[in-house]
Amino acid sequence: MLFNLENLLKAYFSCRIRKRKTINALYFELDFEKKLLKLKRQLKNHTYKPGRSICFVVTYPKTREVFAADFSDRIAHHLLVNQINPYFEKCFIYDSLACRKEKGIHMALIRLKKFLYQITKNKTQKAFYAQLDIKSFFVSIDKNILFEIFKKKIQKLPRNQIWKKEILWLVKTIIFHDPTQNYYLKGDKNLFDQIPAHKTLFKASKHKGLAIGNLTSQFFANVYLNELDQFIKRKLKVKHYLRYVDDLVLLSQNIEQLKKWRDEIDYFLQNQLKLKLHPDKQILKSVYSGINFVGYMVKPCYVLARKRVVKNIKIKLHYFNQGLFLSSNNQKQEALPLTTPPTKEEIEQMLAMVNSYYGHFKHANCYNLRKNLYEKHFGELKKYLKPIKDYQYFEML
C-alpha cells in the first residue's frame with residue numbers, strides 16, 4: 001500500500017534532515033508516532049488537506065515571496081516525491097541540473113565548462129551562447145497543464161491501478177492547494193510591498209502558480225519544464241543545452257541559429273506551457289565575453305566567482321569585525337548582537353559560513369581572491385580561524 005507507516009516513516013526521517021531544529025519539526029517530534037498515524041489515516045481516507053503555511057519574504061539573492069508548508073505537509077510532500085521521483089528521473093534529460101540528486105550548481109558548472117571546450121574546439125574557434133530566462137516562472141505555472149502531464153506519465157507506469165489512483169489523488173491535492181487561503185505572515189510585512197504584482201501568488205490567476213519554498217514545487221518545476229527540455233533536445237536537436245530551474249543556456253557556433261532556437265522556444269512555451277521568455281533577460285553573445293551562470297562568470301579560458309557573491313561575504317565579515325554577527329541564514333540580511341568575545345557557537349557559525357563561500361570559490365580560478373579576503377577582510381576572525389591548503393578552507397585555532 002502507498003499510505004503505510006513504512007513509507008511515512010521514510011518520508012518523516014528524510015523530511016527532518018535539515019529541519020530538525022525548527023520549531024515545527026520539534027513540535028511534531030514530541031509525539032511523532034501519534035501524528036504520523038493521524039496523517040496515515042487522513043491520507044488513506046482521502047480526508048487529508050494541506051494545512052496552514054508560513055508566508056514571508058526573502059531579500060537574497062532577490063526579493064521574493066515564500067510559502068513554507070506545515071511540517072506534516074512536508075512529510076506528505078516527501079512521501080509523494082519518494083514514490084514517483086525514480087520514474088521521472090528516467091525521463092529527465094541529463095542536463096536538467098537543479099534540485100536533483102548528484103546534480104546541482106557545481107555539476108552545472110562542470111557541464112558548462114565541458115560544453116565550452118567542445119563548442120570552441122579547445123578555445124580555437126568562435127562560438128556564441130544564448131541565455132534565456134522564463135518570465136515569472138513559478139507564479140505562471142498552469143496547474144491544469146501540470147496535472148495533465150502527471151496523469152499522462154503516471155497512467156503509463158508499471159504499477160497497479162490502486163497505486164496510480166492514490167498517487168494522482170495526492171498529486172492533485174497538492175497541486176491545486178492554494179496557500180494564500182490559509183497562511184500566517186512572518187517577518188517584515190513591509191517587504192511584501194516590494195514584490196511586483198506579477199511575482200506574487202496573491203495576485204495570480206486562478207489555477208496558476210506554485211509556492212516557492214516546498215520540495216514538491218522544485219520537483220513539479222522540473223516535471224513541467226521537462227516538456228521544454230524534450231522539445232529542445234528532440235525537436236530542435238540542440239546538442240549543447242543546460243537548464244538550471246528556469247535559467248536556460250544554449251551554445252552554438254552560429255549566432256543566427258541561436259536566434260532561431262530562441263524564437264522557437266518562446267513559441268513552444270506560449271502555446272504548450274502558457275509561459276513566455278522574459279523579454280529583458282535574453283542574452284546572445286560570444287562565449288568569450290563570459291556566461292553569468294549559477295554564481296560564476298564562466299569563460300572558455302577560466303572561471304571567476306560573481307561579484308555579488310564576493311560582496312556578500314565581505315559584508316558578513318565586515319559585520320563581524322564591527323562587533324555584530326550576521327545571521328548564518330543567507331536569506332536574512334540582518335545583524336544580530338555579538339557578545340565580546342564571540343562565543344564558541346558564534347565562531348562555529350562563522351566557520352561554517354566562511355567554508356561555504358570558500359567551497360564555492362574553490363571551483364573558480366580565484367586563489368588571489370581567497371588570499372586577499374583572508375588578509376584584508378577577516379580582521380578579528382584571524383584570531384579564531386586558520387587557512388588550510390592554500391586558503392581552500394578553514395579550521396578553528
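Q: How many salt bridges turn up in a search of the whole structure?
A: The search finds nine. A salt bridge here is a side-chain nitrogen of Lys or Arg within 4 Å of a carboxyl oxygen of Asp or Glu. This is a predicted model, where local features need pLDDT of at least 70 and side-chain atom pairs count only at pLDDT 80 or more, while totals for chains, interfaces and linings use all residues. Residues are numbered from 1 along each chain as its sequence is written, and side-chain values use heavy atoms, with hydrogens and water left out.

Q: Which residue does Arg100 pair with?
A: Arg100 pairs with Glu89, at 2.7 Å from N to O. The pair links distant parts of the chain, with Arg100 in the loop between helix 4 and helix 5 and Glu89 in helix 4, 11 residues apart. Helices (H or I, at least four residues) and strands (E, at least two) are DSSP runs, numbered from the N terminus.

Q: Is Arg100 buried or exposed?
A: Arg100 is buried, with a relative accessible area of 11%. Glu89 counts as partly exposed at 25%. The cut-offs are under 20% relative accessible area for buried, over 50% for exposed and partly exposed in between, with a 1.4 Å probe and protein chains only.

Q: And what does Asp95 meet in a salt bridge?
A: The side chain of Asp95 meets that of Arg111, at 2.6 Å from N to O. Asp95 lies in the loop between helix 4 and helix 5 and Arg111 in helix 5, so the pair ties together parts that are 16 residues apart in sequence. Both Asp95 and Arg111 are buried.

Q: What about Lys151, which residue is its salt-bridge partner?
A: The partner of Lys151 is Glu148, with the closest N and O atoms 3.8 Å apart. Lys151 and Glu148 are three residues apart in helix 7 (residues 143–154), which means that about one helical turn separates them. Lys151 is partly exposed at 26% relative accessible area, and Glu148 is partly exposed at 44%.

Q: Change of topic. Where does helix 3 pack?
A: The buried residues of helix 3 pack against helix 1 (5–15), helix 2 (23–29), helix 4 (71–89) and helix 8 (161–175). Contact means heavy atoms within 4.5 Å.

Q: Which residues of helix 3 are buried?
A: Phe32, Lys35, Leu36, Leu39 and Leu43 are buried. They cover an arc of only 100° around the axis, so they sit on the same side of helix 3. The arc is taken from the directions from the helix axis to the C-beta atoms. Lys34 and Asn45, on the other side of helix 3, are exposed.

Q: How far apart are the end C-alpha atoms of helix 3?
A: They are 20 Å apart, which agrees with the 20 Å that its 14 residues (32–45) should span at 1.5 Å a residue. The expected span is 1.5 Å times one less than the number of residues. His46 follows helix 3, with a positive phi near 60°.

Q: Last one. What does the side chain of Arg306 make a polar contact with?
A: The contact is with the side chain of Asn292, at 2.9 Å. A polar contact is a pair of N or O atoms within 3.5 Å; within protein, one must be able to donate a hydrogen and the other to accept it, and residues adjacent in sequence count only if both atoms are side-chain atoms. Arg306 lies in the loop between strand 10 (303–305) and helix 11 (307–321) and is partly exposed at 22%.
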